[in-house]
Amino acid sequence: MELMQLNYFMEVATSQHVTKSAERLHIAQPALTQAIHRLEAELGVPLFVHKGRNIRLTAYGAYFLKMLRPILQELNFLPLELKAMAKLEDSTIHLNVLAASALVTQAVIEYKKTHPNLHIQFTQNEESDVYDICITTVFPGKENFQKEKTSSVELFICQEKIFLAVPNLPRFEKKSEISLKDMEKEKFIALSGSRQLRSICDTYCKNAGIQREIVFESDSPSSVMNAISARMGVGFWPAFSWKRPDPRSILLLEVQKPVCSRDIAITYTRTKKDDIHVRLFYEFLCGYFKVYSGKQDFQSLMSKSN
(Lines give C-alpha, C1' and ligand atoms only; values in the text may rest on other atoms or scores of the structure.)
Protein backbone atom coordinates (compact mmCIF):
# COMPACT_ATOMS: atom_id res chain seq x y z
CA MET A 1 0.00 0.00 0.00
CA GLU A 2 1.23 3.46 -0.90
CA LEU A 3 0.57 6.52 1.22
CA MET A 4 -1.07 8.27 -1.75
CA GLN A 5 -3.50 5.38 -2.17
CA LEU A 6 -4.45 5.59 1.50
CA ASN A 7 -5.06 9.32 1.28
CA TYR A 8 -7.21 8.79 -1.82
CA PHE A 9 -9.21 6.15 0.06
CA MET A 10 -9.74 8.50 3.02
CA GLU A 11 -11.07 11.24 0.76
CA VAL A 12 -13.46 8.95 -1.13
CA ALA A 13 -14.59 7.24 2.10
CA THR A 14 -15.41 10.67 3.57
CA SER A 15 -17.28 12.12 0.59
CA GLN A 16 -18.59 8.80 -0.78
CA HIS A 17 -18.55 10.43 -4.21
CA VAL A 18 -15.72 9.69 -6.67
CA THR A 19 -16.22 12.75 -8.91
CA LYS A 20 -16.23 15.23 -6.03
CA SER A 21 -13.23 13.52 -4.46
CA ALA A 22 -11.29 13.69 -7.74
CA GLU A 23 -11.98 17.44 -7.93
CA ARG A 24 -10.76 17.98 -4.35
CA LEU A 25 -7.66 15.89 -4.99
CA HIS A 26 -7.00 17.64 -8.35
CA ILE A 27 -6.69 14.38 -10.29
CA ALA A 28 -8.70 12.78 -13.09
CA GLN A 29 -11.63 10.62 -12.02
CA PRO A 30 -10.38 7.51 -13.91
CA ALA A 31 -7.00 7.77 -12.15
CA LEU A 32 -8.73 7.94 -8.75
CA THR A 33 -10.96 4.98 -9.60
CA GLN A 34 -7.94 2.92 -10.71
CA ALA A 35 -6.08 3.78 -7.49
CA ILE A 36 -9.02 2.55 -5.39
CA HIS A 37 -9.28 -0.64 -7.47
CA ARG A 38 -5.54 -1.33 -7.00
CA LEU A 39 -5.92 -0.87 -3.24
CA GLU A 40 -8.88 -3.28 -3.15
CA ALA A 41 -6.93 -5.81 -5.21
CA GLU A 42 -3.97 -5.61 -2.84
CA LEU A 43 -6.18 -6.00 0.25
CA GLY A 44 -8.25 -8.77 -1.39
CA VAL A 45 -11.59 -7.32 -0.24
CA PRO A 46 -14.08 -4.77 -1.68
CA LEU A 47 -13.99 -1.42 0.10
CA PHE A 48 -16.93 0.23 -1.69
CA VAL A 49 -20.20 -0.76 -3.33
CA HIS A 50 -22.18 1.37 -5.77
CA LYS A 51 -25.54 2.68 -4.68
CA GLY A 52 -27.15 4.73 -7.42
CA ARG A 53 -24.78 7.55 -8.41
CA ASN A 54 -22.97 7.36 -5.12
CA ILE A 55 -20.85 4.72 -3.43
CA ARG A 56 -20.98 3.32 0.07
CA LEU A 57 -18.42 1.67 2.29
CA THR A 58 -18.61 -2.07 2.72
CA ALA A 59 -18.14 -3.60 6.17
CA TYR A 60 -14.48 -4.09 5.17
CA GLY A 61 -14.22 -0.48 4.06
CA ALA A 62 -15.78 0.85 7.27
CA TYR A 63 -13.37 -1.18 9.40
CA PHE A 64 -10.40 -0.13 7.26
CA LEU A 65 -11.43 3.52 7.59
CA LYS A 66 -11.75 3.21 11.38
CA MET A 67 -8.28 1.71 11.75
CA LEU A 68 -6.62 3.95 9.15
CA ARG A 69 -7.86 7.38 10.32
CA PRO A 70 -5.69 7.64 13.50
CA ILE A 71 -2.64 6.30 11.63
CA LEU A 72 -2.89 8.95 8.92
CA GLN A 73 -3.50 11.64 11.52
CA GLU A 74 -0.27 10.63 13.22
CA LEU A 75 1.56 10.65 9.89
CA ASN A 76 0.22 14.12 9.06
CA PHE A 77 1.43 15.45 12.42
CA LEU A 78 4.84 13.77 12.10
CA PRO A 79 6.54 16.54 10.03
CA LEU A 80 5.41 19.14 12.56
CA GLU A 81 6.67 17.01 15.43
CA LEU A 82 10.03 16.53 13.72
CA LYS A 83 10.34 20.28 13.17
CA ALA A 84 9.51 20.86 16.85
CA MET A 85 12.14 18.28 17.85
CA ALA A 86 14.73 19.96 15.64
CA LYS A 87 13.89 23.36 17.12
CA LEU A 88 14.17 21.96 20.65
CA GLU A 89 17.48 20.27 19.84
CA ASP A 90 18.84 23.52 18.43
CA SER A 91 18.08 25.19 21.76
CA THR A 92 19.37 22.27 23.88
CA ILE A 93 22.95 22.07 25.13
CA HIS A 94 24.31 18.67 26.17
CA LEU A 95 26.87 19.00 28.98
CA ASN A 96 29.13 16.18 30.11
CA VAL A 97 30.25 17.37 33.54
CA LEU A 98 33.16 15.35 34.92
CA ALA A 99 34.59 18.09 37.15
CA ALA A 100 33.50 21.21 39.05
CA SER A 101 29.82 20.20 38.88
CA ALA A 102 28.80 22.65 41.61
CA LEU A 103 30.41 25.58 39.81
CA VAL A 104 28.94 24.51 36.45
CA THR A 105 25.50 24.34 38.07
CA GLN A 106 25.91 27.89 39.37
CA ALA A 107 26.92 29.03 35.89
CA VAL A 108 23.84 27.40 34.35
CA ILE A 109 21.56 29.10 36.90
CA GLU A 110 23.07 32.51 36.13
CA TYR A 111 22.87 31.97 32.37
CA LYS A 112 19.25 30.81 32.49
CA LYS A 113 18.26 34.12 34.10
CA THR A 114 18.86 35.85 30.77
CA HIS A 115 18.24 32.85 28.50
CA PRO A 116 15.13 31.19 29.99
CA ASN A 117 14.21 29.28 26.81
CA LEU A 118 17.52 27.45 26.63
CA HIS A 119 17.47 23.75 27.59
CA ILE A 120 20.55 22.23 29.23
CA GLN A 121 20.98 18.50 29.80
CA PHE A 122 23.60 17.18 32.25
CA THR A 123 25.40 13.87 31.97
CA GLN A 124 28.38 12.49 33.89
CA ASN A 125 29.84 9.80 31.67
CA GLU A 126 33.59 9.43 31.11
CA GLU A 127 33.01 6.97 28.25
CA SER A 128 30.59 9.15 26.29
CA ASP A 129 31.55 11.38 23.38
CA VAL A 130 27.96 12.51 22.76
CA TYR A 131 28.00 16.05 24.10
CA ASP A 132 28.33 19.66 23.00
CA ILE A 133 30.49 20.76 25.93
CA CYS A 134 32.58 18.62 28.26
CA ILE A 135 34.09 19.80 31.56
CA THR A 136 36.84 17.58 32.88
CA THR A 137 40.08 17.83 34.85
CA VAL A 138 43.62 16.56 34.38
CA PHE A 139 47.00 16.75 36.02
CA PRO A 140 48.45 20.17 35.14
CA GLY A 141 50.13 20.45 31.76
CA LYS A 142 49.00 17.05 30.47
CA GLU A 143 49.84 17.07 26.77
CA ASN A 144 46.78 15.28 25.36
CA PHE A 145 44.58 18.24 26.22
CA GLN A 146 46.95 20.72 24.62
CA LYS A 147 46.50 18.81 21.35
CA GLU A 148 42.70 18.74 21.64
CA LYS A 149 42.05 22.00 19.76
CA THR A 150 41.12 21.29 16.12
CA SER A 151 38.91 22.82 13.46
CA SER A 152 35.86 21.18 15.06
CA VAL A 153 36.87 21.38 18.74
CA GLU A 154 37.66 24.39 20.90
CA LEU A 155 39.48 24.09 24.20
CA PHE A 156 39.71 26.32 27.25
CA ILE A 157 42.02 25.42 30.16
CA CYS A 158 41.80 27.02 33.56
CA GLN A 159 44.23 26.23 36.37
CA GLU A 160 42.75 25.74 39.82
CA LYS A 161 44.75 25.68 43.04
CA ILE A 162 44.12 22.76 45.40
CA PHE A 163 44.23 23.55 49.11
CA LEU A 164 44.49 21.19 52.05
CA ALA A 165 41.38 21.53 54.19
CA VAL A 166 41.90 20.98 57.92
CA PRO A 167 39.60 21.24 60.94
CA ASN A 168 39.78 24.55 62.78
CA LEU A 169 41.92 23.25 65.62
CA PRO A 170 44.57 25.12 67.67
CA ARG A 171 47.45 23.33 65.94
CA PHE A 172 46.32 24.65 62.55
CA GLU A 173 44.79 28.04 63.28
CA LYS A 174 48.03 30.05 62.94
CA LYS A 175 49.13 28.30 59.74
CA SER A 176 48.50 29.60 56.20
CA GLU A 177 50.52 27.03 54.29
CA ILE A 178 51.63 23.45 54.73
CA SER A 179 53.92 20.78 53.27
CA LEU A 180 52.32 17.44 52.40
CA LYS A 181 55.22 15.67 54.05
CA ASP A 182 54.27 17.32 57.36
CA MET A 183 50.74 15.83 57.06
CA GLU A 184 51.80 12.21 56.62
CA LYS A 185 50.55 11.17 60.07
CA GLU A 186 47.15 12.85 59.66
CA LYS A 187 43.99 10.91 58.91
CA PHE A 188 42.65 11.78 55.43
CA ILE A 189 39.15 12.18 54.01
CA ALA A 190 39.08 11.55 50.25
CA LEU A 191 36.89 11.29 47.20
CA SER A 192 36.51 7.75 45.90
CA GLY A 193 39.13 6.37 43.55
CA SER A 194 36.93 6.75 40.48
CA ARG A 195 36.91 10.55 40.69
CA GLN A 196 39.40 12.51 38.62
CA LEU A 197 40.31 14.84 41.51
CA ARG A 198 41.22 11.81 43.62
CA SER A 199 43.67 10.60 40.97
CA ILE A 200 45.37 14.00 40.82
CA CYS A 201 45.67 14.24 44.60
CA ASP A 202 47.04 10.69 44.77
CA THR A 203 49.74 11.75 42.30
CA TYR A 204 50.72 14.72 44.46
CA CYS A 205 50.98 12.52 47.56
CA LYS A 206 53.08 10.00 45.65
CA ASN A 207 55.37 12.81 44.45
CA ALA A 208 55.67 14.05 48.04
CA GLY A 209 56.64 10.56 49.17
CA ILE A 210 53.78 10.07 51.65
CA GLN A 211 51.39 7.20 52.20
CA ARG A 212 48.02 8.53 53.36
CA GLU A 213 45.81 6.83 55.92
CA ILE A 214 42.33 7.27 54.43
CA VAL A 215 39.68 6.85 57.13
CA PHE A 216 36.70 7.89 55.01
CA GLU A 217 36.04 8.16 51.28
CA SER A 218 32.97 8.97 49.22
CA ASP A 219 32.09 9.84 45.62
CA SER A 220 30.14 12.82 46.96
CA PRO A 221 32.08 16.09 47.46
CA SER A 222 29.42 17.17 50.00
CA SER A 223 30.10 14.07 52.10
CA VAL A 224 33.83 14.78 52.03
CA MET A 225 33.23 18.41 53.07
CA ASN A 226 30.96 17.34 55.93
CA ALA A 227 33.45 14.74 57.16
CA ILE A 228 36.26 17.31 57.30
CA SER A 229 33.94 19.76 59.02
CA ALA A 230 33.13 17.04 61.58
CA ARG A 231 36.88 16.81 62.37
CA MET A 232 37.19 13.26 61.08
CA GLY A 233 40.37 14.19 59.22
CA VAL A 234 41.93 16.45 56.59
CA GLY A 235 41.40 16.47 52.84
CA PHE A 236 42.12 18.19 49.55
CA TRP A 237 39.85 21.08 48.58
CA PRO A 238 39.78 22.68 45.08
CA ALA A 239 39.91 26.48 45.34
CA PHE A 240 36.76 27.50 43.47
CA SER A 241 35.02 24.32 42.25
CA TRP A 242 33.84 23.67 45.80
CA LYS A 243 32.13 26.31 47.87
CA ARG A 244 34.22 28.22 50.39
CA PRO A 245 34.06 26.49 53.79
CA ASP A 246 32.92 28.06 57.02
CA PRO A 247 36.21 29.19 58.63
CA ARG A 248 34.76 28.45 62.04
CA SER A 249 34.98 24.74 61.23
CA ILE A 250 37.40 24.38 58.29
CA LEU A 251 40.64 26.15 57.42
CA LEU A 252 42.19 26.07 53.93
CA LEU A 253 45.99 25.83 53.91
CA GLU A 254 48.04 26.43 50.79
CA VAL A 255 50.18 23.43 49.91
CA GLN A 256 53.77 24.55 49.29
CA LYS A 257 55.59 21.25 48.82
CA PRO A 258 54.61 20.24 46.24
CA VAL A 259 52.51 23.13 44.88
CA CYS A 260 49.12 21.51 44.19
CA SER A 261 46.83 22.49 41.33
CA ARG A 262 44.85 20.94 38.54
CA ASP A 263 43.82 21.93 35.02
CA ILE A 264 40.09 22.18 34.33
CA ALA A 265 39.47 21.72 30.62
CA ILE A 266 36.29 22.84 28.86
CA THR A 267 35.93 21.43 25.36
CA TYR A 268 33.33 22.60 22.88
CA THR A 269 32.61 20.28 19.96
CA ARG A 270 30.77 21.65 16.94
CA THR A 271 28.11 18.99 16.41
CA LYS A 272 25.11 21.11 15.41
CA LYS A 273 24.33 22.79 12.11
CA ASP A 274 23.24 25.89 14.00
CA ASP A 275 25.41 26.00 17.11
CA ILE A 276 25.03 29.65 18.12
CA HIS A 277 23.38 28.69 21.46
CA VAL A 278 26.24 26.31 22.29
CA ARG A 279 28.92 28.84 21.32
CA LEU A 280 27.41 31.62 23.44
CA PHE A 281 27.08 29.36 26.47
CA TYR A 282 30.60 28.00 25.98
CA GLU A 283 31.99 31.55 25.96
CA PHE A 284 29.94 32.39 29.06
CA LEU A 285 31.11 29.23 30.86
CA CYS A 286 34.77 29.96 30.09
CA GLY A 287 34.24 33.50 31.40
CA TYR A 288 32.56 32.13 34.52
CA PHE A 289 35.61 30.02 35.31
CA LYS A 290 37.82 33.06 34.69
CA VAL A 291 35.77 34.99 37.27
CA TYR A 292 36.38 32.35 39.91
CA SER A 293 40.04 32.07 39.05
CA GLY A 294 40.34 35.84 39.45
CA LYS A 295 41.03 36.64 35.78
CA GLN A 296 37.73 38.39 34.98
CA ASP A 297 35.13 40.34 36.94
CA PHE A 298 31.53 39.17 37.16
CA GLN A 299 29.91 42.37 35.87
CA SER A 300 31.99 42.24 32.69
CA LEU A 301 30.98 38.62 32.18
CA MET A 302 27.26 39.33 32.57
CA SER A 303 27.37 42.31 30.20
CA LYS A 304 28.94 40.07 27.53
CA SER A 305 26.31 37.33 28.01
CA ASN A 306 23.48 39.82 27.44
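In this predicted model, strand 6 and strand 10 (residues 235-238) run antiparallel and are joined by four bridges. Within that pairing, I162 stands opposite P238 of strand 10. Strand 11 (residues 250-257) is also antiparallel to strand 6, with five bridges between them; here E254 is the bridge partner of F163. Nine bridges connect strand 6 to strand 12 (residues 261-269), again in the antiparallel sense, and A265 of strand 12 faces I157. Strand 6 itself spans residues 153-167 and is mostly covered, with 12 of its 15 residues buried.

The whole structure holds 12 aromatic pairs, and two of them are listed here.

| Pair | Distance of centres | Angle of planes | Class |
|---|---|---|---|
| Y268 and Y282 | 5.1 Å | 35 degrees | tilted |
| F284 and Y288 | 5.8 Å | 40 degrees | tilted |

How far apart in helix 9 are F284 and Y288? They are four residues apart, so about one helical turn separates them. F284 has 3% relative accessibility and therefore counts as buried. Y288 is buried as well, with a relative accessible area of 2%. F284 and Y288 belong to one aromatic cluster together with Y111, F281 and Y292.

A contact of another kind involves R212, whose charged end sits over the ring of F188, 5.5 Å from the ring centre.

How values were computed. Residues numbered from 1 in each chain as written. Predicted model: local features only at pLDDT ≥ 70, side-chain atom pairs only at ≥ 80, totals over all residues. Heavy atoms only, no water. Buried < 20%, exposed > 50% of the residue type's maximum accessible area, 1.4 Å probe, protein only. Helix = DSSP H or I, 4+ residues; strand = E, 2+ residues; numbered from the N terminus. Pairing = 2+ DSSP bridges. Phe/Tyr/Trp six-rings, centres within 6.5 Å; stacked < 30°, edge-to-face > 60°. Lys NZ or Arg CZ within 6 Å of the ring centre and 35° of its normal.
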